[in-house]
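User: I am new to this structure and would like to be walked through it with care. Could you take my questions one at a time, once it is in view?

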Amino acid sequence: MAERSMLEVRGLNAWYGESHILHGVDFDVNEGEVVTLLGRNGAGKTTTMKSIMGLVGTRSGSVVYRGQETIGMRSDLIARAGIALCPEERGIFSSLNVTENLMLPPVIGPGGLSISEIHALFPNLKERAASQGTKLSGGEQQMLAIGRILRTGAKLLLLDEPTEGLAPVIVQQIGRTIREIKNRGFTVLLVEQNFRFAATVADRHYVMDHGVVIDMIQNHELAANMDKLHDYLGV
Amino acid sequence: MLSILGYNVGPMLAQGVLGLINGAFYALLSLGLAVIFGLLNIINFAHGALYMIGAFVAWVLLNYLGIGYWPSLILVPILVGCFGMLIERVLISKLYKLDHLYGLLLTFGLALIMEGLMRNYFGSSGMPFAVPESLRGATRLGFMIMPTYRVWVVAASFVVCIGTWLVIEKTSIGATLRAATENPALVQAFGVNVPRLVTMTYGGGVALAAFAGVMAAPMYSVNPSMGSNVIIVVFAVVVIGGMGSILGSILTGFGLGLVEGFTKYLYPQGSGVVIFVLMVIVLLLRPAGLFGKAA
Ligand SMILES: Nc1ncnc2c1ncn2[C@@H]1O[C@H](COP(=O)(O)OP(=O)(O)O)[C@@H](O)[C@H]1O
Ligand SMILES: [Mg+2]
């Protein structure tokens, strides 16, 4: 393969307390790709993201980021290696204003966007710079949650359902943003329920079910695989 | 003498001013407790003992090493703050996975040990600590004679409290601290070493207590029970202000000092309990405290 591998997930298992959620997840993300995890609610997509980020109590298997095994690492060290998460619940801090939220994640390396570049992508964030973070609309909070991880110089961005519950115009804006950051050389692992949206931004799709990856579909083969996909996702 | 509704304004003001001085200590101590509680979720029962240790370290520095009040005001908070960080690393951090009650019990035990050790070495009679040369003397205010040192205590506490508040509200390290108070796991996943932040925060809260201890040394005799005497009132202050509210703890600290002072004039028998009565009322009407956010 010509592509350089950015992330290799092998036999990933994860537990919340006693409940065993991931049962050997395998997939790869190559440098510069946008890859999605598709799957029904409860399939384990969020748990996979959290496990990569070191946010799940117990995990085993292997997660190699740019040649470095991260499975036993603390989450702050995983972040400093170059991975950043935009969590499903967005994680905007109510005791911080918009600018403070934006500036919160420490810069971990070169290559991040400047504040003015982030404001150019999301003009709302500039207008509302002094507002309390959680006073923003859902769409603005999502922009803030994405914007703040673009600044840090992290090269692999984990976006967990960034379009969930948002109006179509904002979904389009987030789609443009994902294509823009791909052009800038970022690598994106995207969780989506909406595969029509996923098809407009992604190179490849992995399908998850019951804590394992059950299929991989190239984006250009998506149309040919619609029946299979409907079956997987139960739509 | 001026009088309103049969009360003499002069003596009442005098008691108010005295109350404000107590309030300065309440504010410093409850501020440290609030900062620690916010991030660590631990009610630091060792706070009073660490305040007492602050006073003792200042006394030891003065009497054994000839290091005076002014250098101690900086040095003692640093030394005792480092001791606090050691306690957090070695002991308290082992309990974060358990119920908060364990942290409370641990710090309560530590307080008893520290007090016992000090009593063992220094006895319980209390030792004098001279007011520094430059702060001796007093000013005649008409309604009272105001010792210069007490003016200094109120002013210095106020400046330190406001300074701490500004650091927490207006700086990037303060923003990180506030964020970690809300969601430590996410802040850590952004690359912040949260365990280290927790250790430094505990050290900072302890340093505030030690600072209060140094300031108290020339006013009260330095003795092993000085911490447990004040800390019970400070806990009531924290409950009234609202656990974890920074500005709330400062305002409530000074405010309740004033209330206590006025009560001493209006109804002297009640001055020892007024804060606790207020605590009960606040708990019944507004359990989250005057400045606390309801859970
Ligand atoms: N904190 C948790 N504790 C226990 N079980 C959880 C927790 N979070 C998620 N789960 C369970 O793990 C499974 C996978 O959840 P999740 O990874 O959130 O799925 P997805 O993101 O694909 O919808 C679900 O069955 C869910 O109920
Ligand atoms: Mg999910």
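**Loops, a metal site and the cores**

Analyst: A:Arg90 lies in the loop between strand 6 and helix 3 of chain A, where helices (H or I, at least four residues) and strands (E, at least two) are DSSP runs numbered from the N terminus. The model is a predicted one, in which local features need pLDDT of at least 70 and side-chain atom pairs count only at pLDDT 80 or more, while totals for chains, interfaces and linings use all residues. Residues are numbered from 1 along each chain as its sequence is written, chains are lettered from A and ligands numbered from 1 in the order in which they are written, and side-chain values use heavy atoms, with hydrogens and water left out.

User: Is A:Arg90 buried or exposed?

Analyst: Buried means under 20% relative accessible area and exposed over 50%, with partly exposed in between (1.4 Å probe, protein chains only). A:Arg90, which has a positive phi of about 75° although it is not a glycine, has a relative accessible area of 16%, and therefore it counts as buried.

User: Which residues coordinate the magnesium ion (ligand 2)?

Analyst: Donors are N, O and S atoms within 2.8 Å of the metal (3.2 Å for Na, K and Ca), and water is not among the atoms, so sites may look incomplete. At 2.0 to 2.5 Å, the ion is coordinated by A:Thr46 (OG1) and A:Glu88 (OE).

User: Why does this pair tie together parts that are apart in sequence?

Analyst: A:Glu88, partly exposed at 24% relative accessibility, lies in the loop between strand 6 (83-86) and helix 3 (98-103) of chain A. A:Thr46 lies in helix 1 (residues 45-53) of chain A, so the parts that the pair ties together are 42 residues apart in sequence.

User: Which residues touch the most other members of the largest nonpolar core?

Analyst: A nonpolar core is a set of buried Ala, Val, Leu, Ile, Met, Phe, Trp, Tyr and Cys residues joined through side-chain atoms within 4.5 Å. The largest has 126 residues, and helix 1 (residues 9-40) of chain B gives the most to this core, with 15 residues. The members that touch the most others are A:Leu125, A:Leu157, B:Phe25, B:Tyr51 and B:Met215.

User: What does B:Thr199 touch, residues up to four places away in sequence not counted?

Analyst: B:Thr199 is found in helix 8 (residues 194-216) of chain B, and its relative accessible area of 9% makes it buried. With contact meaning heavy atoms within 4.5 Å, and with residues up to four places away in sequence not counted, B:Thr199 touches B:Met85, B:Glu88 and B:Arg89.
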